[in-house]
Amino acid sequence: GTTFGYMETMLKVAEETKGVRFEHATGYKSAENMRTYDSRTYEGAYLVGVIAGKMTKSNKLGVVASVPIPEVLRNINAFTLGAQSVNPKVTTRVVWINKWFDPGKEREGAVALMDQGADVLMQNTDSTAVVQAANEKGKFAFGWDSDMSKFAPEAHLASAVINWTPYYVQATREALEGKWTGGKRRQKYQCQKCGRTTTYPREGK
């Protein structure tokens with residue numbers, strides 16, 4: 001399961017199908033045949049925050065946030081701390097859309113933040129609506145979960161992207177070799193080796 005929202009359903013199905021192994025991303029509940037895994041997404045958020053702190057002219061940053069769960073709150077805090085590490089005057093405003101993917105709401109949130117003076121935006125949502133809105137209004141923005149540079153060539157500063165492949169290979173190997181175990185394995189896999197967060201910078205900048 002690759003989203004936090006699958007947690008309760010996966011836990012129920014895992015209980016009903018003991019012979020199947022389940023992997024749940026970013027959750028905190030586990031079972032004998034279901035474990036969690038995660039990446040240090042806040043590291044990428046901190047890095048883009050540093051860039052935002054240097055790029056802002058208004059000292060007002062904006063975040064279009066998905067749902068108020070620990071991983072998203074960590075990312076917002078990391079983004080703000082990164083910005084304040086180079087520009088103590090920075091403040092961050094947040095708009096919650098309560099979904100991971102909703103281009104319409106993401107755009108509305110982005111526009112609302114820019115109307116309030118935010119000139120650099122980060123998102124913890126998955127569509128390209130935020131960077132596109134920033135591009136239209138002459139502001140800056142960061143992509144999330146994929147390289148969004150081609151959708152906002154003037155606005156895009158960087159995108160934080162997680163490479164889950166090393167972890168999936170490792171988990172599959174463990175299952176094939178009979179070494180897979182359930183339970184809370186989150187901390188073990190919160191490492192750059194197993195889930196690296198890569199920041200793709202804006203070309204030529």
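This is a predicted model: local features need pLDDT of at least 70, side-chain atom pairs count only at pLDDT 80 or more; totals for chains, interfaces and linings use all residues.

**Contacts, cores and a helix**

Trainee: Which residues is Leu61 in contact with, leaving aside its neighbours within four places in sequence?
Mentor: Leu61 touches Ala52, Thr56, Phe79, Ala83, Val90, Thr91, Thr92, Arg93, Ala118 and Val120 once those neighbours are set aside. Contact means heavy atoms within 4.5 Å.

Trainee: Which members of the largest nonpolar core touch the most other members?
Mentor: They are Leu61, Phe79, Met122 and Phe142, out of 23 residues. Such a core is a set of buried Ala, Val, Leu, Ile, Met, Phe, Trp, Tyr and Cys residues joined through side-chain atoms within 4.5 Å; buried means under 20% relative accessible area with a 1.4 Å probe, protein chains only.

Trainee: And which element gives the most to this core?
Mentor: That is α3, with 5 residues. Helices (H or I, at least four residues) and strands (E, at least two) are DSSP runs, numbered from the N terminus.

Trainee: What lies apart from that core?
Mentor: Another core, of 16 residues, which includes Val111, Leu113, Met114 and Ala152.

Trainee: Turning to α4, which of its residues are buried?
Mentor: Glu106, Gly109, Ala110, Val111, Leu113 and Met114 are. The buried residues of α4 pack against β3 (60-65), β4 (91-96), β5 (120-123) and α5 (129-136).

Trainee: What happens just after α4?
Mentor: Gly117 adopts a positive phi of about 105° there.

Trainee: How many helices and strands are there in the protein chain?
Mentor: The chain has 6 helices and 8 strands. Of its 205 residues, 47% are buried.

Trainee: How do contacts divide by distance along the sequence?
Mentor: Among those between residues at least 6 apart in the protein chain, 60% join residues at least 24 apart.

Note on methods: Residues are numbered from 1 along each chain as its sequence is written. Side-chain values use heavy atoms; hydrogens and water are left out. Buried means under 20% relative accessible area, exposed over 50%, partly exposed in between (1.4 Å probe, protein chains only).
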